[in-house]
Amino acid sequence: MELLGSQNLAATPDQVWAALFDRDVLEQSIPGCESLEQTSDTSFVAVVKLKIGPVSARFKGEIELSDIDPGKSCTLSGKGSGGIAGFAKGAALVTLTPEGDYTVLDYTADVAVGGKLAALGNRLIKSTAKKLTDEFFANFTKALTAEEEEPVT
Amino acid sequence: MIPSKNHIGQSHRRKNAFRHLAGRGRFVTDLALPRMVHAAFVRSPMAKGNIVELDVSEAAAASGVVRVFTAETLNHTCVPWTGTLDHFAGMQSGAQNMLASNEVLWVGHPVVMILAHSRAEAEDACELVMLDIEDEDAVVDGDAALVKGTPLAAEGINSNMCFQTVLETPDLDDAFTRSAHVVEGKFTFGRHTAVTLEPRAIIADFDPSTGQLDVHHGTQTPYQFQDVYARHFGLSEGRVRVIAPDIGGSFGMKLHVYHEEMAAVAASLMLGRPVRFVADRLESFVSDIHARDHRVTARMALDAEGGILAMDVDDMTQIGAFSSYPRTSVAEGNQVIRLMGAPYQMPDYRGRLSVVFQNKVQTSQYRAVGHPIACAVTEALVDRAAELLDLDPFEIRRRNLLADDAYPHISATGYQFEKLSHQASLEKLHQMIGYEALRAEQIALRKQGIYRGIGIAPFVEITNPGAAFYGIGGARISAQDGAVIRLTPAGDVHCAISVTEQGQGTETIIAQIVADQLGVTPDQVKVTTGDTDNTPSGGATWACRGAGIGGETALRAGRKLQAQILTLAGEILQADPMHLALASGAVVDKTTGQERITLAEIGRIATYRPDTLPKGSDNSLTAAQHFAPSGYPFDFTNGIQASHVEVDIETGVTRLLKHWVVEDCGRIINPLLVDEQIRGGVVQGLGPAFFEECLYDDMGQMTNASLVDYLVPMAGEMPDIEIAHIETPTLDTILGAKGVGEAGTAAAGAAAMNAVNDALRPLGARISQTPMTPLRILTALGHV
């Protein structure tokens with residue numbers, strides 16, 4: 001399943017880029033994130049609680065950043081297992097383009113789900129993914145603004 | 001006076017219907033035993049992969065959890081099972097065990113079993129299991145599975161071909177060379193599943209103090225499971241009791257061996273307490289057997305007058321990662337290629353069958369095994385031939401159906417027909433549906449942009465199998481049935497019989513048959529079924545054998561008891577038993593009908609005052625009888641169905657206007673229940689024709705595994721179903737009944753597909769895939 005989207009963020013590409021690699025920002029931004037541990041410069045382990053249609057589960061997953069072109073683009077790959085709820089895995093190409101005072105973030109993601117998630121939630125995956133993405137970027141924007149006010153040293 | 005000796009042939013209401021309607025059903029799902037624990041399973045979310053990490057420690061410590069089993073701790077208790085049979089030469093399948101140990105092979109494959117004080121606690125604990133699977137490329141498509149270099153769908157097989165065979169008459173190629181016309185087609189039949197009202201249910205109850213295993217099991221074949229549990233868990237058969245009480249629908253789905261039921265038995269043996277597993281609807285979709293899943297390429301050769309010379313058929317059927325046990329997943333395809341063209345005087349034939357493994361849940365025997373596929377392909381080709389030759393669908397069938405005086409007949413595929421009534425059925429249907437008027441209406445409505453279609457489909461149905469189905473292949477599946485009938489001290493009658501009741505009325509027809517042999521009313525006959533400790537051994541209810549084999553068993557047992565009663569009565573009355581008969585609950589004078597002594601009095605004397613009988617009298621008022629068919633290897637019934645539909649060519653939605661069935665099931669024991677069986681069967685045939693399909697994505701994920709997305713036929717969509725009968729009893733038995741459970745399902749989809757194509761014909765469109773969804777119809781019309 002392919003997901004496409006675009007977000008206008010009120011920050012420079014460098015600020016957005018830094019936030020994308022900031023554990024604290026990501027933890028605040030990922031919907032349902034219970035814990036996020038940075039395991040290397042480019043990898044994280046997350047526990048996320050999600051509800052998709054009738055299926056709710058805690059996902060344990062890994063996120064890996066690759067194909068890094070600083071300030072411009074990178075690929076986020078993730079794989080999460082939600083116990084009996086099933087699994088989700090995917091990869092998203094994220095690109096940043098400056099536009100005036102804003103940065104346009106475009107993403108193209110290829111997502112696959114399995115188990116009960118696929119059996120029950122198939123019709124809901126796209127709408128849920130859209131909702132979760134919106135929630136992520138709303139949180140992300142909020143965190144970005146907060147970062148600007150109180151820059152992390 | 002209460003009439004007697006004529007209950008066979010009468011419409012009696014189902015004995016258990018009132019009890020069920022009153023909420024007094026006794027289903028396994030309702031049963032609660034002391035110290036019972038509840039099972040839930042962690043299942044594979046992937047179609048194929050290797051288990052790289054499995055940690056159950058958190059789950060084992062969770063609230064309410066009694067025990068957690070993995071392959072390592074459970075599988076050693078059970079001898080693995082392999083779903084192959086010797087008479088399917090060259091057939092292969094991997095061995096199966098309860099829980100996946102290294103590899104998971106379909107979405108839904110059980111990996112961990114959790115036992116807790118409640119199902120809810122067991123399910124909660126399932127979420128705490130850490131299961132990491134490294135996914136591998138799954139074999140999803142049957143044609144792709146056979147391409148060289150494709151990974152194997154399972155361990156223990158040397159290719160993804162489970163079984164292949166070719167059935168061919170010597171003159172097949174010559175028939176096509178000689179032919180004036182050839183019609184052909186490619187057909188796809190989707191996967192669907194049973195969706196029983198009560199899902200699979202089991203409570204295994206092992207008592208270590210006695211060594212007795214009681215299994216309360218919602219199955220149609222208790223004796224088969226008694227044998228399976230004894231053999232695979234190393235128990236003595238006498239210490240295994242399988243009790244199948246009320247069953248909320250089975251349809252063939254509940255006679256296969258499933259991982260979860262075996263695991264429940266294994267866990268009970270280890271814990272020494274009752275273990276309950278009741279599938280929920282969601283896990284039913286990914287663990288109950290699925291049905292069909294065929295791709296068929298077929299052609300038919302005809303002479304200049306539209307006479308069918310031959311068919312050449314290639315069926316590829318996709319069965320999942322394993323062949324099911326103990327009946328195999330090959331029987332369906334085997335019947336598909338053997339039933340092609342069955343109603344017709346078709347001299348030549350070639351049928352190729354390829355049974356293919358893939359990483360999906362197993363497919364296997366389901367109501368009307370193979371019939372709907374063979375019927376739909378054959379009848380679609382006959383309709384195409386009629387169109388090509390500009391013949392009416394009735395006329396081309398009139399020219400080709402076996403003549404009613406052409407029996408015995410051996411079909412091109414080797415089936416022996418004792419006597420069928422195709423031509424009479426065809427004419428009866430023609431009259432019943434008011435054919436000419438329907439055609440006139442069709443033409444008139446087309447002018448208004450309303451597209452209606454009429455489709456017909458004759459069929460042959462296999463019933464009453466002897467040992468040829470499974471026994472000769474080495475399967476321990478009973479080819480016979482048994483009954484024990486006794487007269488109680490108060491003069492009532494009790495019949496314990498091995499055929500089982502799943503709501504179709506088995507107990508009612510057995511009571512009717514027994515009543516007629518003993519001169520009582522069916523109400524006076526109590527029938528016990530579904531308990532291996534309390535009924536004699538037998539094959540139970542599948543392949544329409546309940547009436548034909550079970551009924552004959554009851555009849556013969558009844559006659560045996562009748563003879564015993566008359567002998568005893570003769571001794572009491574000092575009369576020649578030859579001059580006595582049973583009627584109206586008494587022994588009567590055979591010629592005058594005058595009552596001599598009541599059955600209650602016989603029961604009283606034999607039980608409480610045997611001292612008053614002449615010395616040496618046998619006071620036995622119990623008779624046991626077993627019966628196995630010994631004439632033809634199978635019985636065959638026949639009939640014809642018609643479907644009337646309206647297709648909305650803008651939306652692709654089909655409205656089912658009416659459905660008709662003319663059916664010949666041999667002797668009719670209970671017209672009401674026969675019609676109920678046919679109606680239910682027709683609905684079960686129309687479901688997969690229009691609605692039901694298990695959809696998978698290209699990763700092997702089932703994407704509509706709930707009743708939100710999987711469509712079952714509902715009353716609102718179903719047409720009125722009108723039924724008529726012809727009775728051609730089999731002469732192989734005294735009773736003459738052939739069976740009726742699968743007739744409706746056999747041809748309903750075929751008639752419906754012909755009807756839809758009849759509606760689409762003026763638009764130059766044609767559909768060859770089921771279910772015939774609105775989207776597929778619009779695609780056929782070129783609208784999408």
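Modeller: In this predicted model, the contact between the chains involves 21 residues of chain B and 15 residues of chain A. On the chain B side, the elements that supply two or more residues are strand E1 (37-43), strand E6 (130-135) and helix H9 (281-287). H9(B) gives the largest share, three residues. Sorted by class, the side of chain B that touches chain A consists of 13 nonpolar, three polar and five charged residues.

Next, chain A itself. It has an open sheet of seven strands, in the order E1-E7-E6-E5-E4-E3-E2, and the pairing is antiparallel. Strand E1 (2-9) and strand E2 (33-40) of chain A are at the edges; each has a single partner strand, so one side of each has no neighbour in the sheet. On average, neighbouring strands of this sheet are turned by 25 degrees against each other, direction ignored. Within the sheet, strand E4 (residues 55-69) and strand E5 (residues 73-81) of chain A run antiparallel and are joined by eight bridges. A:Ser66 stands opposite A:Thr75, which belongs to E5(A). Helix H1 (residues 13-20) of chain A packs on the sheet, where it touches E1, strand E6 (87-99) and strand E7 (102-114) of that chain. The direction of H1(A) makes about 160 degrees with that of E6(A).

Helix H15 (residues 506-518) of chain B has 13 residues and spans 19 Å from its first C-alpha to its last, close to the 18 Å expected at 1.5 Å a residue. H15(B) is mostly covered, with 13 of its 13 residues buried.

In helix H17 (residues 599-608) of chain B, the buried residues include B:Leu599, B:Ile602, B:Gly603, B:Ile605 and B:Ala606. Among the elements that cover the buried residues of H17(B) are strand E19 (481-487), helix H16 (545-573), strand E23 (586-589) and strand E24 (595-598) of chain B.

B:Asp664 lies in strand E27 (residues 654-664) of chain B. B:Asp664 counts as buried because 27 other C-beta atoms are within 10 Å, and the cut-off for a buried residue is 20 or more. Leaving aside neighbours within four places in sequence, the contacts of B:Asp664 include B:Leu420, B:Ser421 and B:Ser425, then B:Thr637, B:Asn638 and B:Gly639, and also B:His725, B:Ile726, B:Glu727 and B:Thr728. The C-alpha atoms of B:Asp664 and B:Pro729 are separated by 8.6 Å, although these residues are 65 residues apart along the chain.

Methods
Residues numbered from 1 in each chain as written. Chains lettered and ligands numbered in written order. Predicted model: local features only at pLDDT ≥ 70, side-chain atom pairs only at ≥ 80, totals over all residues. Contact = placed C-beta atoms within 7 Å. Helix = DSSP H or I, 4+ residues; strand = E, 2+ residues; numbered from the N terminus. Nonpolar A, V, L, I, M, F, W, Y, C, P; charged D, E, K, R; others polar. Buried ≥ 20, exposed ≤ 12 C-beta atoms within 10 Å, placed from the backbone. Expected span 1.5 Å × (residues − 1). Pairing = 2+ DSSP bridges. Axes fitted to C-alpha atoms, helices over the stretch in contact; angles between N-to-C directions.
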